[in-house]
Structures are given as structure tokens and as C-alpha cells.
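Student: I am new to this structure and would like a close look at a single part of it. Could you set that part against the chain as a whole?

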Amino acid sequence: MDRFLIKGGKKLQGTVHISGSKNAALPILVATLLTDEKCVLHRVPNLRDVRTTLKILQYLGKQVTYQNNVVTVEANGQLKNDLPYELVKQMRASFWVAGPLLARFKQADIPLPGGCAIGVRPVDIHLKGFEKLGAQCEVKAGNVLIHADKLSPAKIVLRFPSVGATQNLLMCACLIGGETILENVAKEPEIDDVIAFLNKMGADIHTDDKGRLIIRGVKALHGAEHTVVADRIETGSYALAAAATRGDVTVAGCVPEHNAILWEDLQEAGFSLDIGTDFVHVHAYDGEIKPLGVRTAPYPGFATDLQAPWMTLMTLCNGTAEVDESVFENRFMHAPELVRMGARISTEKSVARITGVEKLSAAHVQSSDLRGGFALVMAGLCADGETEVERVYHIDRGYEKLEEKLTALGATIRRYNPDKDEF
Ligand code: UD1
């Protein structure tokens, strides 16, 4: 398995260009199941989760090409309506094919999802929504069997604004005649990107003045071309890595307004930023990092996907900061690894207390989820000495060309595989 070797202590410097959003690309790829016609998607990041999704589309019967971040998808005969566990266990988002398959074939047979080990992550909100739309759902031998004789529009109030459930129900409702109303939905920018794509395919979706999604079902959707929005989590990750290494970095090709809270927080912690329309410049700063607590929340709150990198920044603060993880339980797996690097962190239930130290020290650490893995890389960039990060496959799920981008910013980072490579 690949590992990263990082020689820390260098300030990041230069410009990093942001890739297309993983969390928008995945549901947009899944949405191509709603038509047999050809869809062309640009700026699709070359990531493990994207490649898994392309395999899922191929398994279901789509013909797929992928070159230079451009994906084409079109039907290749009759589509299937089931998925094997082998594909689903790699990525929780695979469950999102349920909505389009149910809409088109009134049936979907999907194993319960796997994905990052960050909590229980049930799919009850998805299933309740499908039931409101007229489907029956039953779990049998680890699979969710969903079928309907007839689907009907409905008013659905989500008990929590789940990103995945919002997308799954949205995609399903596009092909159900009549008006479906989704209330208490997720408002993440990735949802807007999915809606933009679906509307290009001929769907009729809009948000009303109460923030509800109104979907007027149409008979069929057609092919469309779309460019995936910039990745706000990658944007925030590089900005935080720049800050933690006391570097001077322009994060380019992003949508700064998608990270508004993060910019406020970084400035409050002492950093100076220039925020343009499509870039953010983190200025070099050698003063004290002020302790600043954050509480994760659905968008536009502080992104749970940036909680771990924020924690790494706070390991170097002057004082004590509290991080409250309100979206996922069990999302502090990076904390004990950071402690192995000299950080002072204690956790209790959903709250982590971080008391800043002057310097982190290099260590051999393990990533156990995607964003936690980035937080360890970030810590390695700040630490004196050589840090080894194991289980890079988690990080490969969500950061395109990570070593290349960090190397271009002056970092010393190398991928190696102890089973294959010699030192
Ligand atoms: C998506 C993102 C992920 C991000 C998360 C929250 C993708 C591919 N992944 O994941 O990066 O961290 O949003 O912003 O876009 N829940 C239930 N029942 C359900 C569904 C969710 O209880 O049916 C709970 C989950 O256990 C979790 C919370 O709701 O505690 C948020 O989950 P959700 O918004 O659905 O996250 P994902 O869509 O899986």
C-alpha cells in the first residue's frame, strides 16, 4: 500500500490550481443514469471515488470514456438495476444510484453502503423519502431492495438536511409526473451544481423563497454537457495548509464564496487574506495563531470535511481551541495520530480540545479517512523531520495530484510503496 514521506518545515509558496469538486462530480455522474443519451462532463477530477463511480456506471450498462478530466457517458443497451457489494463497499456515494434507477425502472437492489469509517452513516432519510414517493423498501441479506408499482409526487420533509438524501430524492423526483416538494434540504454548493446539470438535461427544478426544492416531474431527460464546479473542500484544505506552514499561497480557480465562514475564521485566527472572485491569497504570517473554536454544521456552516485540517492548524495556536463535530459522530480519528506528532488534544464525545504547541514533530502515522488523512499530511508539512503517512488510499479518494500540487508549492513529499519500491 502506498505511503507518503514528507520532509516538513518548509513554508508553502506559489499558486495552486483547484480541481473540479469530487462531491459534485459523483452525483452528476450518477445523474447520467436518468437518460440514455450522451452526456459530456468537464473538469471531472481523476480520483479513486470518481473511478469507482465510472466502474459502477459501466457495470450498470453505460459506455464510459475518461480522458484529460473529460467524461462521456452514454447508454450501451439495457441498463441493470442492481449493484454488487464489491463496488458499493468502496464508496458510500454508490448508494445514490438508487434514486435514478428507481425513477427509471421502479426497482433498485443495492447493498448497504460502506465508505469512510466516520460513524454509522445510515440511509434512513433516503429510504423514508423513497417510501413517501410510493416505493417499498426492505433490507434483506445486507441489500436494500426498493421497488414501486407506481411512483407519485409528494411533499417530503427531511429530518436532517442530508446531502446524499437530498440528491437521491431530487434525482428520483425529476421523472415523477407532478410536483414534488423537498423541505429541510441540504444547501451545499454541490447540490446547486447537480441541479444545474439536471436542469440542462431538461429537468424542472427550482428553489422557492422558503428554501424548499420544487421539482416538476418530466417524462424524460436528455443528454447534456456540463463543467463541474471547483472543489471547495480542496480549496479550504490548501488554504489551511498554507496557513499552517506560514506560507504565501494563492489558491486559484476556486469559488471563494463557497468557503465564506472559513475565510472569516482564518482572518480571526490572525491570517491576512485577499479574496478575489476566483482566487484566495493567503499571505505569509509569522505572528501568533489565535485559538479559535469551530462547530461543524450543514452548509453554510463550517464544513465537517474541513474539521480535521482546521484541527491541525489549531495544534499550533497560542492557547486552547475547541472543535465541536456536530455532523458526524466518530470523526476524530486523526486526533490520536496528531498527538503522536506532539499535538495536545483531548476528545470527549463530539468535542475536541486542542492546546497549541510550538512545533509538531515528525512521526509514523496512519490515515483512517480521507480528510483526516489530509490533516496528517498537513501536520507532516509543518513538523520538523520526516513524517511517514500510511494508508494513502484514503487520501487518494479526494485529492487530485496531491504530491504534484504540494511539490509545486515547494513541499518535499514523495509517494512510495514499501512492498515494491526501494528507498
Ligand atoms: C456528503 C459528502 C461528505 C460530507 C457530508 C456532510 C459526498 C460524496 N460526500 O456525505 O464529504 O462530509 O456530505 O457534508 O458528497 N444521515 C442519517 N441518515 C441518512 C443520511 C445521513 O442519519 O439517511 C446522517 C449521517 O450519518 C451523518 C449526517 O446525516 O451523520 C450527514 O450525512 P450526509 O449529509 O448524508 O452525508 P453524505 O451525503 O454521506
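Tutor: The accessible surface of the chain comes to about 16,600 Å², and 47% of that surface belongs to carbon and sulfur atoms; such areas come from the Shrake-Rupley method with a 1.4 Å probe, and for residues only the protein chains shown count as cover. This is a predicted model, in which local features need pLDDT of at least 70 and side-chain atom pairs count only at pLDDT 80 or more, while totals for chains, interfaces and linings use all residues. Residues are numbered from 1 along each chain as its sequence is written, and side-chain values use heavy atoms, with hydrogens and water left out.

The part to look at is P300, which lies in the loop between strand 17 (294-295) and helix 10 (307-314); helices (H or I, at least four residues) and strands (E, at least two) are DSSP runs, numbered from the N terminus. P300 counts as exposed because its relative accessibility is 56%, where exposed means over 50%, buried under 20% and partly exposed in between (1.4 Å probe, protein chains only). Of the 423 residues of the chain, 57% count as buried.

Between P300 and D49 there are 24 Å in space, C-alpha to C-alpha, and the two are 251 residues apart in sequence. For the setting of this pair, the C-alpha trace of the chain spans about 65 × 50 × 40 Å along its principal axes, and the secondary structure of the chain comes to 14 helices and 23 strands.
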